[in-house]
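Please write a report on the predicted model shown here. Cover helix packing, the sheets and the contact between the chains, with the criteria behind each term.

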Amino acid sequence: MTISIWRYSHLALAISSFIFIIIASITGIILAFEPISNQLQPYSIGSSNNITLAQTIIVLQEHYEEIISIEVDNNDFVSASVITNDGKNETFYINPLTGEKIGEIIEKAPIFKFATNLHRSLFLKSAGRFFVGLISFILFLIAITGILLIIKRQQGIHRFFSKIVKENFEQYYHIIVGRLTLIPILIVAFTGVYLSLEKFSLLPSHTAEHQIDYENIKTTPKKQIKDFIIFNQVTLKNLRAVEFPFSDDPEDYFNVKLSNKELIINQFTGQILSTIEYPFVKLASHWSLILHTGQGSILWSIILGIVCCSILFFIYSGFLMTLKRRKKSSILKNVYSKDKSEYIILVGSETGNTFDLAKIFYNSLLDLNKTVFISELNKYSSYKKAKHLIIFAATYGKGEPPSNAKNFITLLKKNIPTKEISYAVVGFGSLAYPDFCKYAIDIDKTLQSNMLFKSILDLHKINNQSFEAFKNWSLQWSKNTGIPIQLKEPPKKNKSKKESSFSVESRSLLNTDDTFLIRLRSENKISFMSGDLLSFYPENDPIERLYSIGKIDGDILLSVKKHEFGVCSTYFSKLNKNDIIKASIKRNPDFNFPVWATEVIMIANGTGIAPFLGMINTNKKIKSHLFWGGRNEESIELYHEIIQNSIKKNGTAYFYPAYSRVQEKIYVQHLLKRNSSFIAKTLDKKGAILICGSVAMQKEVIAIIDQICQKINHKPLSYYQNKGQLKMDCY
Amino acid sequence: MKKSLIFKTFPIFIFAIFALFGFTNISEKNTYKCMIQMTNYTGEGAYIVISLINPEGNYEKTLFVQGDDEEWYHDIINWWKFYGKKRLNIDAITGATVSGGGRTISIIEIEANKIDTGYKIRFESAVEDQEYYIKDVEFDLTSQTVKSKVEGTGFIRYVRMMPQ
């Protein structure tokens, strides 16, 4: 399968370096604990960092025979190297206020020594260091190509942080975590490269030397250290180190290192003999070290630790994605050759997800003993016996073709069929992006312009790989072609693990639409909200059924339509009070009541009303408008009591029914159109729209609301969807 | 008689005791302040070993080691041949490595009878993945040199010593 250049680079770089990146990440996690454990030692001077160097020297001189040097490290620990009164040379942490020894210098624990060595040179000395530097650079490139891929996927840099469509766990969190840790990763990688360059002397050198006029060093007027002007100006906050004069020879001096410069001080007069301002390269080295190691900051060390963990996760999820994609496209094993097949399925997919549905379709044609050939759009050629062409096309980036479909339109012009072919195009995409199914539309137009291609079914667009929508499409295709295909739903994995018992509280009779309400009470205390889903597996049936929950007085309210051959709905319709069923609750936070909204518009048809019944029953604060489409006035009787009670009880809800099977046929979308300005205003002032019901209704409603937004607010609906103002749960 | 014998030998005893003390006085340890100033080389901190060399040119004693990670001691090849066999405890005379451009001051003990008697002091230096200098600095121990400045030939720019 062909993939784009950036994706290819991202992957190739990752494959070439992942073993070393794993080593660096694991040792990185260990090393993140070193600055944390150091910072937890009680040696930090903390708020006393504004005492002056003169004060500290004076107290130290009282305690010790001679001071050799004073140092303030990145943890703000002050250490002094002194000659004690019994002539011993010792170095330890001091309290700069009292001059007392407060602890021994922290020795690097063996585990940190080991990890540091492995982290920076893999125990291979120079060669290893060079290698690690290179890996660091590769990590930097991986991060950059990752950014480009996100921009591409999100259709522009301005949408970098907008909502990501969740295709599967690896893909979703690869991107989510990637966006969050992007900047720290770039910092870690860049500083890693910088530190390596420094070790190999590849940076511009910064060896400015002090110029001291030794001939004219004065020894008078002699001053006490406590009167040295510079020592009274420098506070421990700015100090890195002071080296004391070796002897009382006038040519020996104080060497004072500050955060930005180095000073040479006459040991008798306190005059500054020489100053060197540190060049940028040196300051950059210092900051690289601090940013790369986390010295001196618990918070940054924790971030570094998290970054290392996330890199491990990227390796895991990235490879999982790659393997899945390869698997998806590599199973394109055909039973029949292209020139023997009557049915040609062509797929265009960037991430490989569309292949799943395409293969279901392929297999169901095979089951009917049809000759089918499946391939990628880029492999389009001539097909001698082809009668039907079925195209499944995703869209990538800003309405561009996925990389395995880029050449299709050119190939199409080269390989003109010799006889008529019936075709159908299905577009895959997400409503969260503005260019929904743009590429499928392009293909459809191109095919239309050729006389030999005969459209058998209009273009269908499918949101977020919805199987239900795909099934609906296949039924229509069946109808138009006369081929009775039966799609096999992909078996759902992880059949609910933690089922619990629910007792039936009440069940209504079937109304004229064969719909009924059922109230369930959880035997255990399970927390849930309106909009969550009840997952139920009928006996001897591996396929999960999901029902949208309305929460009323702590009970689960479901609205179910009994289908003639529906195993599950029939089972539910026969339940009686106190019967026990086994089911589980799936949290669905994307479809819970938006407590942040200024006003809420709820749109449902048929049984899709259930979650909204729960919401209007509970919500006491936010004005809510429930638009509902049903067949006729009898349809509403089932819900009448709950709706009226809620309106009376809370005074926040308004109800607008639309009936489609009465004289004046009104659908719910017509109601919306009539209320255009209200809908536009609600979205504009941060209200929310919730939609629950059939996919057909969803399609119509979305189209109307998008029109309203474009016309009145001059913004596409996707703008509000990305802000989380549009929530949908349709089936 | 016995008493007078004791009286007569008493001064001898006294002398013997003084003589004994006198001898220990001769092998008395003196301490010196020793500063090592490094050149502006780039790379890791340098390992420096200060050793006492006997008149035959062999290692007599380790005086100080700058660098506390034993893992790298074998990089100081010549000294390692001497020290590596016995591995005497040198914890009390070790310090941190010194980086390019830095200086370090240590207190070293040298027995008085090693001065002006043909002994030498040697400063060996090695930097990870760079050169190793057997005699970065080496000079005779005389009452003059122990308060002088000696230029280095490798990573060390100069060494200064001063009696304490």
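## Two helices of chain A: α17 and α18

In this predicted model, S676(A), S677(A), I679(A), A680(A), L683(A) and D684(A) of α17(A) meet I705(A), I708(A), C709(A), I712(A) and N713(A) of α18(A). Contact here means C-beta atoms, placed from the backbone, within 7 Å. By class, this contact has seven nonpolar, three polar and one charged residues. Ala, Val, Leu, Ile, Met, Phe, Trp, Tyr, Cys and Pro count as nonpolar; Asp, Glu, Lys and Arg are charged; the others, Gly among them, are polar.

Helix α17 of chain A covers residues 676-684, and helix α18 of chain A covers residues 695-713. Helices (H or I, at least four residues) and strands (E, at least two) are DSSP runs, numbered from the N terminus. The axes of α17(A) and α18(A) are 9 Å apart, at an angle of about 75°. Axes are lines fitted to C-alpha atoms, for helices over the stretch in contact; angles run from 0 to 180 degrees between N-to-C directions. α17(A) and α18(A) are therefore roughly perpendicular to each other. Angles under 35 degrees count as roughly parallel, over 145 as roughly antiparallel, 65 to 115 as roughly perpendicular, and the rest as oblique.

## Numbering and confidence

Residues are numbered from 1 along each chain as its sequence is written, while chains are lettered from A and ligands numbered from 1 in the order in which they are written. The model is predicted: local features need pLDDT of at least 70, side-chain atom pairs count only at pLDDT 80 or more, and totals for chains, interfaces and linings use all residues.

The unreviewed UniProt entry annotates "transmembrane region" at residues 12-33, 130-151, 172-195 and 298-323 of chain A. UniProt positions follow the numbering used here, feature names are shortened, and annotations may be inferred rather than shown by experiment. In the model, residues 130-151 of chain A are 100% helix and 0% strand, with end C-alpha atoms 32 Å apart. Residues 172-195 of chain A are also 100% helix and 0% strand. Their end C-alpha atoms lie 33 Å apart.

Helix α1 (residues 5-39) of chain A packs against helix α4 (residues 125-153) of chain A. The angle is about 140°, and the axes are 9 Å apart. α1(A) and α4(A) are therefore oblique to each other. α1(A) passes α4(A) in a left-handed crossing; this means that the near helix is turned anticlockwise from the far one by less than a right angle, and clockwise would be right-handed. The α1(A) side of the contact includes W6(A), R7(A), F20(A) and I21(A), and the α4(A) side includes T145(A), G146(A) and K152(A). The contact residues divide into 14 nonpolar, six polar and two charged.

## The sheet of chain A

Eight strands form an open antiparallel sheet in the order β4-β3-β2-β1-β5-β6-β7-β8 (chain A). Two strands pair if DSSP finds at least two bridges between them. β4 (101-104) and β8 (272-277) of chain A stand at the edges with a single partner strand each, so one side of each has no neighbour in the sheet. Neighbouring strands are turned by 25° on average, direction ignored.

Strand β7 (residues 261-266) of chain A runs antiparallel to β8(A), joined by five bridges. One of the bridge pairs is L263(A) with T275(A). Helix α2 (residues 53-63) of chain A packs on the sheet, touching β1 (66-72), β2 (78-83) and β5 (239-243) of chain A. The direction of α2(A) makes about 140° with that of β1(A).

## The sheet of chain B and the chain contact

The open sheet of chain B has four strands in the order β5-β1-β9-β8, with antiparallel pairing. β5 (103-111) and β8 (149-151) of chain B are the edges, each with a single partner strand, so one side of each is left without a neighbour. The twist averages 25° from one strand to the next. Seven bridges join β1(B) to β9(B), with C34(B) partnering M161(B). β8(B) pairs with β9 (residues 156-163) of chain B over three bridges. Among them, E151(B) partners Y158(B), and V150(B) partners V159(B). A hairpin of four residues joins β8(B) to β9(B).

Which residue counts does each chain bring to the contact? Chain B gives 14 residues and chain A gives 13 residues. On the chain B side, β1 (29-38), β5 and β9 give two or more residues each. β5(B) gives the most, with four residues. By class, the chain B side has four nonpolar, six polar and four charged residues.
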